[in-house]
Amino acid sequence: MAKKEHVSETPATQMLRTRGVAFTEHPYEYLEHGGAQHSAAVLGFDPFTVVKTLVMQDQDAKPLLVLMHGNRKVSTKNLARQIGAKSVEPCKPEVANRHSGYLVGGTSPFGTRRAMPVYIEETILALPRICINGGRRGYLVGIDPQVCVDLLAARAVQCALAE
């Protein structure tokens, strides 16, 4: 029997364990700019069930997190309208790293450096299970999507666009 690759604790997995959340670990070979599509392909998951964590900001540069299907883009206009902002745009990588405490490509919505509002694409909540970043590049965790609502107070939005 193959020994399961052990992945050291991250702030995300620490938070999940502390809160008693059951999760599965899915380490993979990280590819720069590979994104959720790459991790889904390498791990054999449907990209629709691999959720990316995007650090964005509103017109006042206030950060927020958006959880989106791996094979969808965010309509920033629709998102802004739904959250009552004038505009929303992705943060520059160095700004995203500062807000979340994670490196871009390894951003988890759990255990972030600073608390930020979290918005989740509504259709993600209908999935039985999702894979989301575990706080390190090349590392996903499998969880029930309801955990995002329970632990992060994630608000459902409809802002997905086909890639």
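Is His-69 buried or exposed? His-69 is buried, with a relative accessible area of 0%, where buried stands for under 20% relative accessible area, exposed for over 50%, and partly exposed for the range in between (1.4 Å probe, protein chains only). The model is a predicted one, in which local features need pLDDT of at least 70 and side-chain atom pairs count only at pLDDT 80 or more, while totals for chains, interfaces and linings use all residues. Residues are numbered from 1 along each chain as its sequence is written, and side-chain values use heavy atoms, with hydrogens and water left out.

His-69 lies in strand E3; here helices (H or I, at least four residues) and strands (E, at least two) are DSSP runs, numbered from the N terminus. A polar atom of the His-69 side chain lies 2.6 Å from the backbone oxygen of Phe-48, and this distance can be read against the definition of a polar contact, a pair of N or O atoms within 3.5 Å in which, within protein, one must be able to donate a hydrogen and the other to accept it, and for which residues adjacent in sequence count only if both atoms are side-chain atoms. Once neighbours within four places in sequence are left aside, His-69 is in contact (heavy atoms within 4.5 Å) with Pro-47, Phe-48, Val-50, Lys-52, Glu-121, Thr-123, Ile-124 and Leu-127.

A nonpolar core is a set of buried Ala, Val, Leu, Ile, Met, Phe, Trp, Tyr and Cys residues joined through side-chain atoms within 4.5 Å. The largest such core has 28 residues, and the members that touch the most others are Phe-110, Ile-132, Ile-143 and Cys-148. Two or more residues of this core come from each of helix H1 (11–18), strand E2 (50–58), strand E3 (63–69), helix H4 (93–100), strand E6 (118–121), strand E7 (130–136), strand E8 (139–143) and helix H5 (146–152). Not counting residues up to four places away in sequence, Phe-110 touches Pro-11, Ala-12, Met-15, Leu-16, Tyr-102, Ile-132, Ile-143, Val-147, Cys-148, Leu-151 and Leu-152. A second, separate core of 13 residues includes Ile-83, Ala-85, Val-88 and Cys-159. In soluble globular proteins, nonpolar side chains tend to be buried together.

Ile-83 also belongs to helix H3 (residues 76–83), where Leu-79, Ala-80 and Ile-83 are buried. These residues cover an arc of only 100° around the axis, and therefore sit on the same side of H3, the arc being that of the directions from the helix axis to the C-beta atoms. Lys-77 and Arg-81, on the other side of H3, are exposed. An α-helix has 3.6 residues a turn, so residues three or four places apart point the same way. The buried residues of H3 pack against E2, E3, strand E4 (72–74), strand E5 (88–90), E6 and strand E9 (155–157), and just after H3, Gly-84 takes a positive phi of about 75°.

Thr-10, in the segment before H1, counts as buried at 4% relative accessibility, and its side chain reaches the backbone oxygen of Gly-134 at 2.6 Å. Thr-18, by contrast, has its place in helix H1 and counts as exposed at 65% relative accessibility, with a side chain that reaches the backbone oxygen of Gln-14 at 2.6 Å.

A search of the whole structure finds two salt bridges, each defined as a side-chain nitrogen of Lys or Arg within 4 Å of a carboxyl oxygen of Asp or Glu. One joins Arg-17 to Glu-9, the closest N and O atoms being 3.1 Å apart; Arg-17 is partly exposed at 43% relative accessible area, and Glu-9 is partly exposed at 39%. Another joins Arg-137 to Glu-32, with the closest N and O atoms 3.9 Å apart. Because Arg-137 lies in the loop between E7 and E8, and Glu-32 in the loop between strand E1 (24–27) and helix H2 (35–43), this pair ties together parts that are 105 residues apart in sequence.

The structure holds zero disulfides, a disulfide being a pair of cysteine sulfur atoms within 2.5 Å. The sulfur of Cys-148 is 12 Å from the closest cysteine sulfur, in Cys-131, and is therefore too far for a bond. Cys-131 is buried, with a relative accessible area of 6%, and Cys-148 counts as buried at 0% relative accessibility.
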